[in-house]
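Q: Hi, I'm new to this one. Could you walk me through it?

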Amino acid sequence: MMISIWRRRRAAKRAGKEQQRNESGEMELTIPSDFRCPISLDLMKDPVTLSTGITYDRENIEKWIEAGNFTCPLTNQVLRSLEPIPNHMIRMRIQGWCVENRSYGIERIPTPRVPVSSMEVLEILSKINVTCKKQDGEACRDFVVKVKSLAKESERNKRCIETNGAGSVLSEAFEAFSRASFDENVAVLEEILSTLTIMFPLDGEANGFLGSVSAMHCLIWFLSSGDLSRRRNAVLALRELVLSSDQTKVNGLSEMEGAIEALFKLIKDPICPTATNASLTVIYRMITSSSTNEKQVAKLVNLGLVSLLLETLVDTESSMCEKALGVLDGICNSEEGREMACNNALSMPVLVKKILRVSNLATEFSVSILWKLCKNEKGEDGGVFVEALQVGAFQKLLLLLQLGCVDNTKEKVSELLKLLNLHRNKIECVDPMDNFKDLKRPF
């Protein structure tokens, strides 16, 4: 009996040793416990030590602190400092261990770059302020390049730079250099703008500088001329402005010479989807403002934006579709816009197709446009109604009413159905152009 128990224990020990071998019979490598991060239990790549003396991998402990935890995960002691200190000794030991075990396929971890500190960021920003006051564009550009380089190194650097007010400093510098000649300061202005786009969204102070008259004139100048990168950055900055600034700045931008034409050109000759989306957003904010929309809408209609939007809507992705429909809805508030839409053969087929096809927002915009066109139909023959019925508008709107929608849209749908019903006898009933069999109720 005793011999049997002893044999079982020996067999268990032997099995435990064999578990360290892989299927091919080779010994598996065990990572030393002090090389593992206590949070992830993985090999540390950038070991840092907290004020409690415990070492963690930088990425893991920073996530822990950013989540609002101010205690050591292992000891639960309150941290005296939230700035972890690089543990070079452990890192060199880990690197040495990786080299010794490279035959097992272990790659040596690279020496991590030391993250930028708040003191370093504040020092660079201070130098930007000094060179800006001296109007030393070349020196200022060098410091801005350094800020952008540090921000691109890691998300931690970017957060540190943003937290220390880089957005406001750079926006103020952009405003200061834009007051002088654009041609003389184009290099530094372009570099500042490129760096600012990394830091969106900006705070109120930064938007205040970027929304100055001189800064906005410079942005429009970039938007109208220059390479593709400069135009893209300019329209992204304008989008940031109109989304976060007060209506006064939006109105001021819409009245600046060349703004509408430059934004239209970005839609007509797109350089990238991001720039097109941004341009549509800016135009939407312009034409939905209370005081300047009629003038801007008339200009956009004369440029041919209605036809361009309808052609874009034929085949485009969801986000751009919503913005294009939003702009078209704003344009159809004017008589000129509605007339241009009614005279375009694509209007009814495109609008009806977008209902229940893209998103709730796209559906709401499409219904709103249809409602505006039908409500303001002046022809005795009811051409708009007939055309809408021919492409299946009645069936599509009836289905939307059954599936459910927001109250404002529901009212418009009900009114549209009543108006369309008066003209149904003018055409032969046809099946709707869309297949609804896969649509499901949202409840």
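Aromatic pairs and a helix packing

Q: How many aromatic pairs does the structure hold?
A: The structure holds three aromatic pairs. Rings of Phe, Tyr and Trp (its six-membered ring) pair if their centres lie within 6.5 Å; planes under 30 degrees apart count as stacked, over 60 as edge-to-face and the rest as tilted.

Q: Which residue pairs with Phe35, then?
A: Phe35 forms an edge-to-face pair with Trp97, at 6.1 Å centre to centre and 75° between the planes. The pair links distant parts of the chain, 62 residues apart: Phe35 is in the loop between helix 1 (2-18) and strand 1 (47-49), and Trp97 is in helix 3 (residues 88-100). Helices (H or I, at least four residues) and strands (E, at least two) are DSSP runs, numbered from the N terminus.

Q: Is Phe35 buried or exposed?
A: Phe35 counts as buried because its relative accessibility is 5%. Trp97 is buried too, with a relative accessible area of 11%. Buried means under 20% relative accessible area, exposed over 50%, partly exposed in between (1.4 Å probe, protein chains only).

Q: And what about Trp221 and Phe222?
A: Trp221 and Phe222 form a tilted pair, 5.5 Å centre to centre with 35° between the planes. Trp221 has 26% relative accessibility, so it counts as partly exposed, whereas Phe222, at 0%, counts as buried.

Q: Before we go on, where do these values come from?
A: This is a predicted model, where local features need pLDDT of at least 70 and side-chain atom pairs count only at pLDDT 80 or more, while totals for chains, interfaces and linings use all residues. Residues are numbered from 1 along each chain as its sequence is written, and side-chain values use heavy atoms, with hydrogens and water left out.

Q: New topic: at what angle do helix 7 and helix 8 pack?
A: Helix 7 (residues 166-178) and helix 8 (residues 186-196) pack at about 155°, and their axes are 10 Å apart. Axes are lines fitted to C-alpha atoms, for helices over the stretch in contact, and angles run from 0 to 180 degrees between N-to-C directions. The two helices are therefore roughly antiparallel (angles over 145 degrees; under 35 is roughly parallel, 65 to 115 roughly perpendicular and the rest oblique).

Q: Which residues of helix 7 and helix 8 make the contact?
A: Among them are Leu170, Phe174 and Phe177 of helix 7 and Val188, Ile192 and Leu196 of helix 8. Contact means heavy atoms within 4.5 Å.

Q: What's the overall secondary structure of the chain?
A: The chain has 23 helices and three strands. Buried residues make up 45% of its 443 residues.
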